[in-house]
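Work through the exercises below with the sequence and the 3D structure at hand. Each task is followed by a solution in steps.

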Amino acid sequence: MHGNRFRHNFLTALLLAPATAWLVVFLVLPFIAIAIFSVGERAPEGGYQAAFTLAQYANLPARATAFWNTMVLAPVGALACLLVAYPVAYYLALQAPQRWRLILLALVVIPFWTSLLMRTYAWMYILGGRGIPALLALVGIEDVRLINTPGAVLLGIVYGYLPLMILPIYVSLERLDRRLLEASADLGATPLSTFLGVTLKLSLPGVMTGFSLVMILLLGEYLIPTLLGGGKVFFIGNALVDLFLQSRNWPFGSAIAITLVLVSVVVLIAANRISTRVSGARRVDLI
Amino acid sequence: MRAFVIAVFAFLYLPIALVVLFSFNAGHHASEFTGFSVQWYGKALSNPFLVEALKNSLFIATTSALLAAVFGTAAALGLARVGVRTRAVFDALLGAAIVVPGVVIGISTLVALVQLFGVVNPFLASIWPDDQPPKLSLGYGSIIAAHGLFSMALVTMIVGTRLGSLDRNLVEASSDLYATPLTTFRSIVLPQIMPAVVAGFLLAFTFSFDDFIIAFFVAGAQTTLPIYVFASIRRGVTPEINAIATIVLVASVLLVVLAQWQLRQRKPSN
């Protein structure tokens with residue numbers, strides 16, 4: 001009997017060992033390392049030198065522009081995504097013909113799993129000098145600047161993250177009990193009040209999942225502001241690349257990275273709280 | 001509503017379609033299509049730097065996805081055997097591996113590895129018999145390891161979900177019939193979770209192949225395809241990139257379709 005339990009535990013440990021090692025060496029330890037770095041000093045030749053100071057955190061306002069751009073464009077971008085995504089999810093879940101539903105859903109998912117770099121590059125092409133501005137010049141509208149503007153970054157964000165927003169809203173709308181809609185109509189509710197009181201309300205968990213997922217990914221975004229913002233619309237991700245790979249100020253970069261992770265955690269917790277309070281339901285798990 | 005949905009689909013696919021169209025453009029310019037040609041594909045595939053980057057990406061994606069599929073599946077099987085508390089800790093870590101922004105994963109891995117090398121390399125030099133001790137550095141290994149983190153978490157979750165819906169009666173029946181645990185695993189459990197494992201592998205491969213930001217930090221002197229493409233985009237848009245983009249897009253679409261198809265495979269017992 002004892003031998004059996006020992007064998008059971010040994011096998012369990014054996015199965016979990018590689019993944020545990022990976023999580024510890026490449027997630028937990030690195031995170032502890034940047035936490036330690038964030039209270040250190042920049043070595044004269046770049047990199048890190050041991051110290052205990054909060055100077056790096058006090059210096060965060062030096063990158064205020066990056067924080068400001070991220071903190072404005074991430075929620076605005078997520079909101080813009082939501083406004084475009086909701087009608088699409090609604091149509092797919094409740095109105096699309098049954099046999100088209102899965103095909104249309106696949107068409108939504110495919111861009112999400114294809115390279116964000118390539119898809120963002122496509123917009124550089126369209127918004128750049130030889131794209132839309134060249135077409136506009138043909139009809140006499142000269143010197144339109146589209147690329148390297150906050151608007152271009154916003155467009156890139158909506159384009160890049162739209163599928164990720166549609167998916168969870170679709171899932172929560174698809175689970176919705178259609179008898180509730182009939183009941184609401186039978187009780188004399190107008191289509192609008194049925195939508196607001198039943199459909200929208202019951203899809204809020206999906207909305208919150210989509211919104212917080214997109215928000216969190218946008219907080220760490222690097223490619224879209226770089227390619228479509230042209231160094232004018234800096235995000236926190238851009239500041240991190242600059243601090244670690246160019247100016248080699250590792251302690252300051254670490255302080256920014258820690259702050260970024262804390263902000264992400266706050267966003268996740270807030271989203272969870274809000275969706276629990278609003279709908280009494282838990283968020284939709286995507287995986 | 002329908003018109004709006006059609007417009008959104010056009011918005012999703014028009015840019016991709018344009019890139020594909022102009023990858024076949026005979027001319028240099030993006031604003032006019034001057035005729036059909038595959039010359040840019042030829043130019044792309046005869047560019048030695050590009051081919052090198054492509055090979056690196058294929059090698060890295062295959063290795064890290066294989067690693068993730070094997071260890072992630074093992075972890076999912078192990079997690080089905082542990083108590084609630086251990087499970088909660090693991091789920092939190094796996095969630096963190098997926099939610100923490102790639103840019104943070106990239107820098108923290110870079111920082112930790114550089115520190116580790118700072119300790120290990122002098123030690124290796126001190127115990128090595130001759131003047132040429134092996135030196136650990138950033139490169140294939142660090143990219144594979146960093147990609148493996150996210151991928152393993154993904155595989156563990158996908159396979160774990162599948163295990164949750166596994167028919168326990170079959171497992172019990174199998175052991176009632178005196179099958180050894182190994183036989184039960186091979187003939188009952190493995191066939192049922194295999195589609196999830198394959199789907200996890202394909203998604204892990206796609207993620208690794210497409211990842212730019214993590215590799216950007218931990219690649220050292222190595223180049224992957226996204227890093228090469230990023231660098232050439234910054235040098236200026238060339239039709240050659242349209243050809244590479246098209247190849248990569250088609251490959252990712254095929255892999256994702258294959259992964260979805262695997263996930264939807266019916267259980268063999270049905």
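**Exercise 1: a residue of a surface patch**

A:Val24 lies in helix H1 of chain A, which spans residues 2–37. The model is a predicted one.

Task: Decide whether A:Val24 is buried, partly exposed or exposed, and state which residues make up the nonpolar surface patch with A:Val24.

Solution. 
1. The relative accessibility of A:Val24 is 34%.
2. Buried means under 20% and exposed means over 50%, with partly exposed in between.
3. A:Val24 therefore counts as partly exposed.
4. The patch is made by A:Val24 together with A:Val25, A:Leu29, A:Ile32 and A:Ile36. Its area is about 380 Å².

**Exercise 2: the interface of chain A and chain B**

Task: Describe the contact between the two chains by residues, by area and by polar pairs.

Solution. 
1. Chain A brings 68 residues to the contact, and chain B brings 80 residues.
2. The size of an interface is often given as the accessible area lost when the parts come together.
3. Between chain A and chain B about 6900 Å² is buried, and carbon and sulfur atoms give 84% of that area.
4. On the side of chain A, the residues losing the most area to chain B are A:Trp22, A:Trp113 and A:Tyr125, together 12% of what that side buries.
5. Several helices of chain A each supply at least two residues to the side that touches chain B, among them H1, H3 (64–95) and H12 (250–279).
6. H1 of chain A gives the most to that side, with 18 residues.

**Exercise 3: a covered helix**

Task: Find how many residues of H11 in chain A are buried.

Solution. 
1. H11 of chain A covers residues 236–246.
2. Of its 11 residues, 9 are buried, and the helix is mostly covered.
3. The buried residues include A:Ile236, A:Asn238, A:Asp242 and A:Phe244.
4. After H11 of chain A comes A:Arg248, with a positive phi near 50 degrees.

**Exercise 4: positive phi in loops**

Task: State where A:Asn148 and B:Tyr178 are found, and give the phi of A:Asn148 and of B:Tyr178.

Solution. 
1. Most residues other than glycine have a negative phi.
2. A:Asn148, which is not a glycine, has a positive phi near 65 degrees. A:Asn148 sits in the loop between H6 (132–138) and H7 of chain A.
3. B:Tyr178 is not a glycine either, and its phi is positive, about 65 degrees. B:Tyr178 belongs to the loop between H7 (168–176) and H8 (181–210) of chain B.
4. B:Tyr178 counts as exposed because its relative accessibility is 77%.

Key. Residues are numbered from 1 along each chain as its sequence is written. Chains are lettered from A and ligands numbered from 1 in the order in which they are written. This is a predicted model: local features need pLDDT of at least 70, side-chain atom pairs count only at pLDDT 80 or more; totals for chains, interfaces and linings use all residues. Side-chain values use heavy atoms; hydrogens and water are left out. Patches are made of residues with over 30% relative accessible area and no salt bridge: like charges are joined within 9 Å, nonpolar side chains (Val, Leu, Ile, Met, Phe, Trp, Tyr) within 5 Å. Accessible areas come from the Shrake-Rupley method with a 1.4 Å probe; for residues, only the protein chains shown count as cover. A salt bridge is a side-chain nitrogen of Lys or Arg within 4 Å of a carboxyl oxygen of Asp or Glu. Helices (H or I, at least four residues) and strands (E, at least two) are DSSP runs, numbered from the N terminus. Buried means under 20% relative accessible area, exposed over 50%, partly exposed in between (1.4 Å probe, protein chains only). Contact means heavy atoms within 4.5 Å. Buried area is the accessible area (1.4 Å probe) that two parts lose on being put together, summed over both. A polar contact is a pair of N or O atoms within 3.5 Å; within protein, one must be able to donate a hydrogen and the other to accept it, and residues adjacent in sequence count only if both atoms are side-chain atoms.
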